[in-house]
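This report covers surface, fold, cores and confidence, in that order. Please keep the structure open alongside the text.

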Amino acid sequence: MTLASASPGIQNLSDDDPWPGLSPFREVDQQFFHGRETEAEELYRLVMRERLTVLFGLSGLGKSSLLQAGLFPQLRNENTFPVYLRLSYAAEAPDLIQQVIKAIAAQAQEFDVEPPGAKPGETLWEYFHRQENDFWNERNRPVVPLLVFDQFEEAFTLGQIDAERSAATAGLLEQIGDLAEGRVPSAVKKLLDSEPEQTKGFVFSRHPYKILLSLREDFLAELEPLRPRMPALGTNRFRLLRMNGAAALRVVAQPAQLVDKDVAEEIVRFVAADRTGGPLTNLDVEPALLSVVCRELNTKRRSRGDAKITAELLKGSQEQVLEEFYTTSMSEVPPAVRHFVEDRLLTVSGFRDSVALENALSEPGVTREAIDKLVQGRLLRAEERAGVERMELTHDLLTGVVRASRDRRHLLEKAEEERRAVARAQEEAQHERERQDLRRSRRQVTIVSVVSAIAVISALLAVGGFVKAERESMTARDAERQARQAGARALNAAAEAQKSRDQIVKSLEIRGAALSGDQERLDKLMAGLDHDTQVRFTTRSKFLYTTAGTDYYRFEIFPVAGSLPSGPNTIAFITYVADHPTFRNKLMITDASRAFKIDYTGWGCLSEMTALLEYNNPSKPPSVAKFDACKEE
């Protein structure tokens, strides 16, 4: 039996390089996976107990790592065959059910498991319930397949992009429900009712398979409409929480040859943003952020040739680590590749998306060499799904950094377009002045010639010539005045463009202060803004579940439509800023396409909210609104 191979372009971890950064730990990396032993054991017990298990948690907590490096090795020792599934919802991807069947066949071959053959067009229920459709391992023992649907929230994002994909996703969810409930699909039941002799080809009393759905906690509410047809969704759930500081210390200090324990503890406190110096067990740590910090520190250590990671290497802030990671990665590839990543690997609303590699390489300026460099640096992940090699950002933790970079670039591009338009107007005004000067010079030469001629003609003709020259002189003065006016307009346009750029820069500075947690700088930047008292905000909440005696809700925050300004001062963006344990994104940006609505999952409303209002009129300065979301319900 062999362990799963590394993703294309990514080297296996080693004693000198034990942290994967934003990439998940894989089964082949299990010896380097620490700090989640308790969670892996508990999840294992749940999987073995029931037919369907739901694993959920916030993004960045390491669900994929827990599955592959924590759970899978235990299952293989107990004659269970985990099948890792990351479905592709791309328009060109194969049928979703066929993707499941092909993944079973491919991973069975990799792990020396003999699977049953599948019949064309049959449902998953038929595949698993046919007589003698058993799975056998290399020791000729039966094994139980476990279908592990990782990042299952994509069924509710990428799987709903259009009507065709929504229908395909609905079909997948129906088949998963049939498996989870041990329910004969309606089409199969209808067939068996009309042809009873075919019932002998199926086993109805035994369900030789298991299912695990892993998804982000903020999409947990999307499962609720499925519960009437799939009641098992609510009975066997495991919520993955942040690591405490003691577990995080095991992650950092395990390679003792690379980091001393006191430095390891300092790293843990840095990632947890701890300033109290209290017990490590009281700290909450995001594993993905911890892994990327450790990897970046180790990369610096290796580049300097140091034997160990030192406290001196640990500088900056959590957000700066991600920003530096992204900026450093992009500094090694052409700008066109950065534009491609920001514009194509994120949806408009900021979710991760994937692109077929061959489509990526058809984009101007995107090369295989550049893509491989980003994959090796763990900014991107390339993997084969449904027979197509696809690429995407390695983690949701990066979406905030990438979206901020994309928005900043788009704003600067817009400002640059305005600057060029002003420059063109100034150039045209200058050309107009030069043309008027040239015409005036020609008229003056003509007048001199006429004066010589009129000396020999009658006084009447001289008077007529004088009137004509006077009229031409008046025309020249009008043209000169028009040129001055055009120049003044160009200067005013330049001033307006500069003012617009200044507003954009100020908005970006405010967002940067919020992301870095620099409250003093944030307060100073916002102090100079007007306070908007017209726009009112409201909230909606929906109960989700209760865990450890705490009720969790899905909250939505948005402005009251009638309170939004109209006309030239309509709002383009609203950036929400808050500091609350369950408001994972300290800063969230939204636009009119989403009705300026944000949502989050948590255990408490946001009593201190700040909204930065930016307007479609680029010369209008941003304003700020403060409100208590708890009182606005």
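## Surface

The protein chain has an accessible surface of about 30500 Å², and carbon and sulfur atoms account for 51% of that area. The model is a predicted one. Among the 633 residues of the protein chain, 48% count as buried.

## Fold

The protein chain contains 16 helices and 19 strands. Taking contacts in the protein chain with a separation of 6 or more, 69% are between residues 24 or more positions apart.

## Nonpolar cores

The largest nonpolar core has 56 residues. Within this core, the residues that touch the most other members are Ile-267, Leu-290, Val-293, Val-341 and Leu-380. Helix H9, spanning residues 287–304, gives the most to this core, contributing seven residues.

Leu-290 can be followed in more detail. With neighbours within four places in sequence set aside, Leu-290 is in contact with Ala-248, Val-251, Val-252, Ile-267, Val-271 and Val-285. Another core, of 47 residues, lies apart from the largest one; its members include Val-83, Ile-104, Phe-219 and Met-230.

## Confidence

The average pLDDT of the protein chain is 82, and 82% of the residues score at least 70.

Two segments need separate mention. Over residues 1–9 pLDDT stays under 50, and the model has 25 contacts beyond four places in sequence for this segment. Over residues 453–463 pLDDT also stays under 50, with two contacts beyond four places in sequence. Where pLDDT is low, predicted coordinates should not be read in detail.

Note on methods: Residues are numbered from 1 along each chain as its sequence is written. This is a predicted model: local features need pLDDT of at least 70, side-chain atom pairs count only at pLDDT 80 or more; totals for chains, interfaces and linings use all residues. Side-chain values use heavy atoms; hydrogens and water are left out. Helices (H or I, at least four residues) and strands (E, at least two) are DSSP runs, numbered from the N terminus. Buried means under 20% relative accessible area, exposed over 50%, partly exposed in between (1.4 Å probe, protein chains only). Contact means heavy atoms within 4.5 Å. Accessible areas come from the Shrake-Rupley method with a 1.4 Å probe; for residues, only the protein chains shown count as cover. A nonpolar core is a set of buried Ala, Val, Leu, Ile, Met, Phe, Trp, Tyr and Cys residues joined through side-chain atoms within 4.5 Å. pLDDT is the predictor's confidence in each residue, from 0 to 100.
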